[in-house]
Every structure is written in structure tokens, then in C-alpha cells.
Amino acid sequence: MDEPVEARILLDAAVATTVVGLALVVAPTSVAVPVLVALAALCALGGGREAGLVATSVSCFLFGYAITEPHFEWEITDRPDEVLLIVLFVASLVVAEVGARLRLHRRARRR
């Protein structure tokens with residue numbers, strides 16, 4: 001029942017997550033986490049499991065590199081931000097899987 005992966009969908013998920021992640025640089029980290037988790041769910045709903053996993057990967061990378069203080073350095077200075085990074089990763093994986101299953105379920109009902 002799985003469908004073939006299209007590179008365009010994966011690229012779209014990566015670009016969308018990068019744009020949103022860079023826009024969240026000015027937002028507090030506690031705001032960025034739910035936004036990025038929701039974006040991973042939307043990518044999974046629209047493009048499947050792989051798109052959700054791409055969004056998860058890019059969002060965790062951007063969170064650790066660009067969104068946390070100091071910005072655009074390979075360092076996280078606040079302990080709560082380290083915990084938020086783990087929460088972001090786990091929550092994004094879960095919603096990516098849920099979104100992918102909802103997408104498959106929706107497609108199966110159409111047939």
C-alpha cells in the first residue's frame with residue numbers, strides 16, 4: 001500500500017521546514033517547538049512518512065543550530081533548550097508517523 005517516494009515531495013518538505021525554521025529564529029524556543037512539530041505533521045499528511053521524517057530532521061537541525069541561543073553556532077547554552085530539542089525530535093517522529101498513517105487511511109477509504 002506504500003507509494004513510491006518522489007524527490008520533489010521530499011525537497012518541498014525540506015524547503016518549507018527551512019523557511020519556517022529560519023523565520024522562527026526571532027521567536028522563543030518554547031514557541032518554535034510546537035510550530036515545528038505541527039509542520040512535521042502537515043508534511044507527513046501531505047507527502048507521506050518520508051516527508052514527515054525529512055521535516056523532523058531539518059527542524060531538529062535548525063532548532064539546534066539557528067533557533068537556540070547563540071544563533072547560528074553549534075552550541076546550546078540553556079539546559080531547557082537541550083530538553084526541548086529532545087522533545088521536538090520525539091514529538092516530530094510521533095506526529096510524522098500518525099500523519100502518514102492518517103494519509104494512508106484516507107487513501108484507502110477513497111478506494
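The buried residues of helix 1 pack against helix 2 (29-47) and helix 3 (49-67). Contact here means heavy atoms within 4.5 Å. Buried means under 20% relative accessible area, exposed over 50%, and partly exposed in between (1.4 Å probe, protein chains only). Helices are DSSP runs (H or I, at least four residues), numbered from the N terminus. The model is predicted: local features need pLDDT of at least 70, side-chain atom pairs count only at pLDDT 80 or more, and totals for chains, interfaces and linings use all residues. Residues are numbered from 1 along each chain as its sequence is written, and side-chain values use heavy atoms, with hydrogens and water left out.

Helix 1 spans residues 7-23. Its 17 residues reach 24 Å from first C-alpha to last, close to the 24 Å expected at 1.5 Å a residue. The expected span is 1.5 Å times one less than the number of residues. I9, A13, A14, T17 and G21 are the buried residues of helix 1. Seen down the helix 1 axis, these fall within an arc of 135 degrees, so they line one face of the helix. The arc is taken from the directions from the helix axis to the C-beta atoms. On the other side of helix 1, A7, R8, L11, V19 and A23 are exposed.

A nonpolar core is a set of buried Ala, Val, Leu, Ile, Met, Phe, Trp, Tyr and Cys residues joined through side-chain atoms within 4.5 Å. The largest has ten residues: L24, A27, A32, V33, L36, V37, C60, F63, I67 and L88. Helix 2 and helix 3 are the elements that give two or more residues to this core. Helix 2 supplies the largest share, four residues. A second, separate core of seven residues includes A13, A40, C43 and A55.
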